[in-house]
Amino acid sequence: MLETSARLLRLLSLLQTPREWTGAELAGRLDVSTRTVRNDIDRLRNLGYPVHATRGSAGGYRLGAGAALPPLLLDDEEAVAVAIGLRTAAGGTIVGVEETSLRALAKLEQVLPSRLRHRVNALQKYSVRAQTEDGPRVSAETLTAIAAACRDHERLRFDYQTHGGDRTRRNVEPYRMVNWGRRWYLVAWDVDRDDWRTFRVDRMEPKIPTGPRFTPRPLPDEVTDRVMRGASAAAWRYRAKVTVHAPAEAVTERINPAVGTVQVVDEQTCVLDTGADSLETLAVYLGMLGMDFTVTEPDELVDHLRSLADRYRKATSECARPPTG
C-alpha cells in the first residue's frame, strides 16, 4: 500500500509539469508497466485530479483544470517561493488579498517541512524592506479585469485621472501590466490618440463590459523600460535636454531607462533628455556620465552648475592647498 501511495505521488508530480506524457514514458519513469500506469491514472481521477488523455501515436496524459482545486505537489524551491510570495502579498499594494494571503500562508506553513520553514523564516527575519511612503493601492478586482482584457484582446474603456488632476475618458487596446516600485502600470495602444500610452492603474476606473476584440499589434521593444521612463518623467520636477559630446551608444551604456532617453545627432554627439526631482540630483547624474556635455536650459540648472564649478575650482586652486615642508 505504501509503495502504491508513493508511486501515485511520483506520478502526480510528473503530471504537474507543463507537458504531455505518453504511457510508455510514465511507465519508464516509474519502473512499472503501462497497465499499472493506466490503473494509477484512474486512481488519481477518483481522487479528483482531472487527468486528460488523448489517443493515437502522438497521444498521452496531461493534468488539466478541474471544477475544484485538487492538492498540489511542490518541490522545495517552489514551496519557499510560494510562501515568500504570500507573505509579500499580505503586506503589498493590492487591496483585498491581504486576509486571503494570510490564510493561504497559514495552511502552507502548517505542512512545510522544518528545513523549509526555517529558510522562509530566515528570509523574513533578515530581509529589511526600505521604509518609503505608502504607495497607491489598487483592488484585486481591477487588476483581474485589466488582465482579462489583455488576455482576451478586448478594448478597455475607463475614466482616468491625469498627473495634473484632470479626468478624461480613455479607450485603449490593453497589452501588458507592469509592477514597478509600489505602483502598477498598464501599457496600451490609445485608440483616440493613435499611439502607445502608459497609465497608472490606481488612477483608472474601468468600465464594464469591455469593448470589442482587437487584432494585437507588435509590442514596442522593452515594455518595462517604457514604463520606467514614463513613470520617472512624470515625477520629474526639473527636465533638461543636454548635448553630450560622445557617441549615443556610449551614453546609453552609462544610464538606465529611468534616467532618460538618448537621441543621435551625429557620430560624436547626442542629446540626453533627462530630469530629476532636484537640481542637485540632476547635476550628479550629469557628472557621473564621465563625458563632456553642454547645458543651455533650464536656467536654474545652468546657474546651479556654475555655482558647482566655482566651488570645485576654489577647492582645487593653489591657495586652497596646505603649505608643504
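**Entry 1: R19 and its partners**

I began with R19, which is partly exposed, at a relative accessible area of 36%. The model I am reading is a predicted one. I looked for a charged partner and found E25. R19 and E25 form a salt bridge, with 2.8 Å between the closest N and O atoms. E25 is also partly exposed, at 34% relative accessibility. I then checked for rings around R19. R19 lies over the face of W21, 3.8 Å from the ring centre.

How many salt bridges does the structure hold? I noted 20. Side chains of opposite charge can pair when their charged atoms come close.

I picked R115 and D76 next. Their side chains meet in a salt bridge at 3.1 Å, N to O. R115 sits in helix α6 (residues 114-126) and D76 in helix α4 (residues 76-90), so this pair ties together parts 39 residues apart in sequence. D76 is partly exposed, with a relative accessible area of 29%.

I also logged a network of salt bridges. R7, D40 and R43 are linked in it.

Is D190 buried or exposed? I read a relative accessible area of 0% for D190, so this residue is buried. The cut-off for buried is under 20%. D190 forms a salt bridge with R193, and the closest N and O atoms are 3.4 Å apart. R193 is partly exposed, at 38% relative accessibility.

I followed D190 to R170. The side chains of R170 and D190 make a polar contact at 3.0 Å. R170 belongs to strand β6 (residues 167-180). R170 counts as buried, at 7% relative accessibility. I listed what R170 touches, leaving aside neighbours within four places in sequence. The contacts are L156, R157, F158, Y160, D190, R193, R197 and F199. I kept F158, Y160 and F199 from that list for the next entry.

**Entry 2: aromatic pairs**

I counted six aromatic pairs, taking ring centres within 6.5 Å as the rule. How are the rings of F158 and Y160 placed? Their centres are 6.1 Å apart and their planes stand at 80°, so I logged the pair as edge-to-face. The angle cut-off for that label is over 60 degrees. F158 is buried, with 0% relative accessible area. Y160 counts as buried too, at 8% relative accessibility.

Y160 has a further ring partner in F199. This pair is edge-to-face, at 5.1 Å centre to centre and 85° between the planes. It links distant parts of the chain, with Y160 in strand β5 (residues 156-161) and F199 in strand β8 (residues 195-200), 39 residues apart. F199 counts as buried, at 1% relative accessibility.

Y175, W189, W196 and F214 make it up.

**Entry 3: R203**

I moved on to R203. R203 is found in the loop between β8 and β9 (204-207). Which residues does R203 touch, not counting those up to four places away in sequence? I noted D159, Y160, Q161, T162 and H163. R203 and G165 are 38 residues apart along the chain, and their C-alpha atoms are separated by 9.8 Å.

**Entry 4: the largest nonpolar core**

Last, I looked at nonpolar packing. In soluble globular proteins, nonpolar side chains tend to be buried together. The largest nonpolar core here has 20 residues. Those with the most contacts inside this core are V242, V244, V251, L272, L286, L289 and L301.

Which elements each supply at least two residues of this core? I listed β10 (238-244), α9 (248-254), β12 (269-276), α10 (279-288) and α11 (299-315). The largest share, four residues, comes from β10.

I took L286 for a closer look. Leaving aside neighbours within four places in sequence, L286 is in contact with V242, L272, F293, V295, L301 and L305. V242, L272 and L301 are among the residues with the most contacts inside the core.

Terms used:
Residues numbered from 1 in each chain as written. Predicted model: local features only at pLDDT ≥ 70, side-chain atom pairs only at ≥ 80, totals over all residues. Heavy atoms only, no water. Phe/Tyr/Trp six-rings, centres within 6.5 Å; stacked < 30°, edge-to-face > 60°. Buried < 20%, exposed > 50% of the residue type's maximum accessible area, 1.4 Å probe, protein only. Lys NZ or Arg CZ within 6 Å of the ring centre and 35° of its normal. Salt bridge = Lys/Arg side-chain N within 4 Å of Asp/Glu carboxyl O. Polar contact = N/O pair within 3.5 Å; in protein donor to acceptor, adjacent residues only side chain to side chain. Contact = heavy atoms within 4.5 Å. Core = buried A, V, L, I, M, F, W, Y, C linked by side-chain atoms within 4.5 Å.
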